[in-house]
Amino acid sequence: MKKHDSEGQPLLMSTGATDPALGRATPASAPAPPVAANSVTREKAAQYVWAATRIAMGWIFLWPFLDKMFGLGHETASGDAVIHGGNPTDGFLSGSVGPFSGFYHSIAGTDVVNVLFMTGLIVIAVGLLLGVFMRFACGAAALMVVLMWSASLPPANDIFLDDHIIYALLLIGLALVGAGRTLGLGRWWESTKLVQSNPWLG
């Protein structure tokens, strides 16, 4: 049986809340759709893939630092190690070809370039491997690989594209997705007062 108000008008039944301002029931909110289990699984898998990519990129920067610093014999002989007075940038920059070769020849092997190169390698490697200061590390790494790309143009196997550009894109992606938070110290690092005051260090 329908219920009626004092004037004989039928009342509308609702499971929603009553709006005190209007004096009538408001529609109930629809329940949130359940999150599909496979969506959660894909998201988690993606986080681990990005984390693995971050660690791999960290190694790509750590290895040349170790090889050039200590002359481990892969690309750098022991006698050419930095600790033995070797010059880590002279060979590569002296062999530069392409539209920017004149500039690179002029700075090849200089003390400033050597220090910047070796410091950049180890700082970037530590940031990527630990998942800290990711924005800074990934930005610096992307800049470094693009500069290395520009020192030898055109690439040997393409008219313009090579692995340096792919690395730069991957590095940008690592920063955008917060890859340091998985298998890294990114969550802790981003919660520190230093990063809260200087978000660019996140």
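User: Which polar atom lies 3.5 Å from the backbone nitrogen of G73?

Analyst: A polar contact is a pair of N or O atoms within 3.5 Å; within protein, one must be able to donate a hydrogen and the other to accept it, and residues adjacent in sequence count only if both atoms are side-chain atoms. Here the backbone nitrogen of G73 is 3.5 Å from a polar atom of the D67 side chain, and that side chain also reaches the backbone nitrogen of E75 at 3.0 Å. The model is predicted: local features need pLDDT of at least 70, side-chain atom pairs count only at pLDDT 80 or more, and totals for chains, interfaces and linings use all residues. Residues are numbered from 1 along each chain as its sequence is written, and side-chain values use heavy atoms, without hydrogens and water.

User: Is D67 buried or exposed, and what is the nearest side chain of opposite charge?

Analyst: Side chains of opposite charge can pair when their charged atoms come close. A salt bridge is a side-chain nitrogen of Lys or Arg within 4 Å of a carboxyl oxygen of Asp or Glu. D67 is buried (under 20% relative accessible area; exposed is over 50%, partly exposed in between, with a 1.4 Å probe and protein chains only). D67 has no salt bridge, and K68, the nearest side chain of opposite charge, is 5.9 Å away.

User: How many salt bridges are found in the whole structure?

Analyst: The search finds 1. R181 and E190 join their side chains at 3.0 Å, N to O. R181 is partly exposed at 36%, and E190 is partly exposed at 26%.

Terms used:
Lys and Arg count as positive and Asp and Glu as negative; His and the chain ends are not counted.
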